[in-house]
Amino acid sequence: CVAYYSGSAEGAIFIDLASHLYGQRIKTPSDALVKYDQSIASAPKKQEAAALSAFRYPKPPPSFLMGLLKEMRAFKYTDKFTKITEPAMAPFEKPVNLTLYQDYLKFVDVPIDLETIESRTKAGLYETPED
C-alpha cells in the first residue's frame with residue numbers, strides 16, 4: 001500500500017492504515033515468533049517436526065494407480081446447455097499439441113496427461129503418492 005499510494009493525497013489514509021496494520025498485526029507477532037524460534041523452548045517442537053518430515057509413504061502399487069486412472073477415465077460430464085454427455089477427462093488424455101498451442105508452456109509449468117501417467121505407472125516411475 002505504501003509503495004502504491006505514496007505521493008497521492010487521497011492515499012494518505014491508506015498509507016496510515018497499512019503502517020498501523022503492519023506494526024500491530026504483522027511485525028509484533030512475527031518478532032515474537034522469531035524470538036521463540038531462536039529460543040531453547042522451540043527445540044522439542046523442531047525435533048518433532050524433523051521426525052515427521054522423515055516419514056515416507058510406501059510406494060503405491062501400480063494396480064492402485066491404474067485403478068485411479070480407470071476411475072478418472074470413466075467419469076462423464078453432461079453439458080447443461082447442449083445436454084451432451086462426454087468423457088470429462090478427454091481433454092487430458094493425450095499431451096497438448098505444442099504446435100497448435102505454442103504459448104501453452106508459458107501457463108503450465110509441468111505438463112501432464114493421462115497417457116503419460118499411464119506409461120510412467122507401467123514403468124514403475126512413481127515412488128510416492130505425491131509423484
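**Close-up views of a predicted model**

Read from one end of the sequence to the other, the protein chain runs α-α-α-α-β-β-α-α. That makes six helices and two strands. Keep in mind that what you're looking at is a predicted model.

**View 1. The whole chain, before we zoom in.** The protein chain has 131 residues, and 9% of them count as buried. Now think about contacts between residues at least 6 apart in sequence: 38% of these join residues at least 24 apart.

**View 2. Helix α4 packs with helix α6.** Here you see α4, residues 62–74, together with α6, residues 114–122. Their axes sit 10 Å apart, at an angle of about 165°. Anything over 145 degrees counts as roughly antiparallel, so that's the label for α4 and α6. As for handedness, the crossing of these two helices is left-handed.

**View 3. Who touches whom between α4 and α6.** On the α4 side, look for Pro62, Leu65, Met66, Leu69, Met72 and Arg73. They meet Leu114, Glu115, Ile117, Glu118, Thr121 and Lys122 of α6. Sort the residues of this contact by type and you get seven nonpolar, one polar and four charged.

**View 4. The buried side of α6.** Which residues of α6 are buried? They are Leu114, Glu118 and Thr121. Around the helix axis they cover an arc of only 65°, so they end up on the same side of α6.

View 5. Now find Lys59, which is 65 residues away from Gly124 along the chain.

View 6. Is Lys83 buried or exposed? With a relative accessibility of 61%, Lys83 counts as exposed. Now check the backbone: phi of Lys83 is near 65°, a positive value, even though this residue isn't a glycine. Why point that out? Because most residues other than glycine have a negative phi.

Terms used: Residues numbered from 1 in each chain as written. Predicted model: local features only at pLDDT ≥ 70, side-chain atom pairs only at ≥ 80, totals over all residues. Heavy atoms only, no water. Axes fitted to C-alpha atoms, helices over the stretch in contact; angles between N-to-C directions. Helix = DSSP H or I, 4+ residues; strand = E, 2+ residues; numbered from the N terminus. Parallel < 35°, antiparallel > 145°, perpendicular 65-115°, else oblique. Left-handed = near helix turned anticlockwise from the far one by under 90°. Contact = heavy atoms within 4.5 Å. Nonpolar A, V, L, I, M, F, W, Y, C, P; charged D, E, K, R; others polar. Buried < 20%, exposed > 50% of the residue type's maximum accessible area, 1.4 Å probe, protein only. Arc of directions from axis to C-beta.
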